[in-house]
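Q: Could you take me through the labels attached to this model, setting each value against the cut-off behind it?

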Amino acid sequence: MIHPQKLAEVVRLHRKAAKLSRIQLAELAGVGKTVIYDIEKGKESIRLNTLRKILKVLNIKIVLTSPLMDNLTNQGDEKS
C-alpha cells in the first residue's frame, strides 16, 4: 500500500519534471488547483477518479498486485 507522503513525492517529482505549475497540472487534469496542493501535502482523502485524472496527465500508472491476481487472470482465460 502506498503511503500518502510517498504518493505526494511521486506526484511532485513528476509535476516538476514536466515543468508544470500546480495550476497548470490542475487545468490539464480538469481538477481544482487545491486538489494538487492537497495531494502534494499528503492528504489522505482524495477521490480515486480525481487521482486517476492527475496521474494520467503525468503519465503515472497504477499497478495492482496481490497473491490473487493470478487467479483473476486465469478466470478471464477460462471465460473466453
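A: A residue is called buried when its relative accessible area is under 20%, exposed when that area is over 50%, and partly exposed in between. The model is a predicted one, and the values below are computed from it.

Q: Why is Arg15 called buried?
A: Arg15 has a relative accessible area of 7%, and because the label requires a value under 20%, Arg15 counts as buried.

Q: What makes the pair of Glu40 and Arg15 a salt bridge?
A: The closest N and O atoms of Glu40 and Arg15 are 2.5 Å apart, whereas the definition asks for a side-chain nitrogen of Lys or Arg within 4 Å of a carboxyl oxygen of Asp or Glu, so the pair qualifies. The bridge links distant parts of the chain, with Glu40 in helix H3 and Arg15 in helix H1, 25 residues apart.

Q: Is Glu40 buried or exposed, and how do you know?
A: Glu40 has a relative accessible area of 2%, and since buried means under 20%, Glu40 is buried.

Q: What does the salt bridge of Arg22 with Glu40 tie together?
A: The side chains of Arg22 and Glu40 meet at 2.9 Å, N to O. Arg22 lies in helix H2 and Glu40 in helix H3, so this pair ties together parts that are 18 residues apart in sequence.

Q: How many salt bridges does the structure hold?
A: The structure holds 3 salt bridges, and one of them is formed by Lys43 with Asp38, where the closest N and O atoms are 3.5 Å apart. Lys43 counts as partly exposed, at 42% relative accessibility.

Q: Which residues touch the most other members of the largest nonpolar core?
A: That core has 15 residues, and those touching the most other members are Val11, Leu25, Val31, Ile36, Ile39, Ile54 and Leu58. Helices H1, H2, H3 and H4 each supply at least two residues of this core.

Notes: Residues are numbered from 1 along each chain as its sequence is written. This is a predicted model: local features need pLDDT of at least 70, side-chain atom pairs count only at pLDDT 80 or more; totals for chains, interfaces and linings use all residues. Side-chain values use heavy atoms; hydrogens and water are left out. A nonpolar core is a set of buried Ala, Val, Leu, Ile, Met, Phe, Trp, Tyr and Cys residues joined through side-chain atoms within 4.5 Å. Buried means under 20% relative accessible area, exposed over 50%, partly exposed in between (1.4 Å probe, protein chains only). Helices (H or I, at least four residues) and strands (E, at least two) are DSSP runs, numbered from the N terminus.
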